[in-house]
Amino acid sequence: MATTAATEPSPVDPDIGAGPSGFFSARPQWLQRYPVLAAQLRGFALVAIICTVISMTIFASLRPLLGLQWANALSLILCSVLNTDLNRRLSFGITDRALWWRDQRRGLWVMLLALMFTSGSLWVLHEVSPNASLLVELVVIVAGNVASALTRFLMMRYWIFRRLRRPATTG
C-alpha cells in the first residue's frame with residue numbers, strides 16, 4: 001500500500017507564469033522541485049509590485065500634507081490590509097473568509113517590520129541629505145520594502161499562514 005505525504009494547498013493558479021514567456025520561465029532547479037513554493041513566490045512578487053505602486057502613490061499624495069514619516073506610516077498601514085488580503089488569495093490560495101481578521105491582525109504586525117525599515121531609512125536619508133527630493137524618498141522607501149520582503153514572506157509562510165503547512169487529518 002503506497003502512502004503519499006500531505007501537500008500544501010496550492011495557490012489559486014499555480015501555473016501562472018510557468019510557460020515559456022512566464023515570470024519564472026527559467027526557474028532555478030530548487031524551485032522546480034518545490035512548485036508550491038514557486039507559485040507562492042510568484043504571487044508574493046506580484047502582490048509586492050501592486051502594493052508598492054499603490055503605497056508610493058498614497059505616500060506622494062500625503063507627503064505635502066502630513067510630512068515624511070506620517071505619510072509613510074499611513075501609506076503602509078492602508079496598504080497592509082490590501083497586501084495581506086492579496087497574499088491570502090494570490091500567494092497562498094486562501095479564498096474563504098475564515099480567519100480573515102486574525103490574518104489581518106498578524107499582517108499588521110508584519111507591516112511594522114516594513115515600517116521600521118522604511119522609517120529608519122527615511123530618517124537616515126534626511127540626516128545625510130535634509131533636502132532630498134520626493135523621488136529620492138520614494139527610492140529609499142522601495143529599498144526599505146525590498147529589504148524587509150524576505151522576512152515578510154517567511155513570516156507569512158511560517159506564521160500567518162502556517163495552517164496551510166499542517167497535514168490534513170483523516171478521521
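Which side chains does a polar contact of 2.9 Å join? The side chains of Asn72 and Thr118, with a polar contact being a pair of N or O atoms within 3.5 Å where, within protein, one must be able to donate a hydrogen and the other to accept it, and residues adjacent in sequence count only if both atoms are side-chain atoms. Keep in mind that this is a predicted model: local features need pLDDT of at least 70, side-chain atom pairs count only at pLDDT 80 or more, and totals for chains, interfaces and linings use all residues. Residues are numbered from 1 along each chain as its sequence is written, and side-chain values use heavy atoms, leaving out hydrogens and water.

**Around Asn72**

- Asn72 sits in helix α3 (residues 68-91); helices here are DSSP runs of H or I with at least four residues, numbered from the N terminus.
- With a relative accessible area of 0%, Asn72 is buried (under 20%; exposed means over 50%, using a 1.4 Å probe and protein chains only).
- Skipping neighbours within four places in sequence, Asn72 is in contact (heavy atoms within 4.5 Å) with Phe59, Leu115, Thr118, Ser119, Leu122 and Ile141.

**Aromatic pairs**

- There are four aromatic pairs in the structure; rings of Phe, Tyr and Trp (its six-membered ring) pair if their centres lie within 6.5 Å, and planes under 30 degrees apart are stacked, over 60 edge-to-face and the rest tilted.
- Phe92 and Phe161 make a tilted pair, 4.7 Å centre to centre with 35 degrees between the planes.
- Phe92 lies in the loop between α3 and α4 (100-128) and Phe161 in the segment after α5 (134-160), so this pair ties together parts that are 69 residues apart in sequence.
- Both Phe92 and Phe161 are buried.
- Trp100 and Trp101 pair edge-to-face, at 4.9 Å centre to centre and 90 degrees between the planes.
- Trp100 counts as buried at 14% relative accessibility, whereas Trp101 is exposed at 63%.
- Ring pairs also link Phe44, Phe92, Phe153 and Phe161 into a cluster.

Note on methods:
Helices (H or I, at least four residues) and strands (E, at least two) are DSSP runs, numbered from the N terminus.
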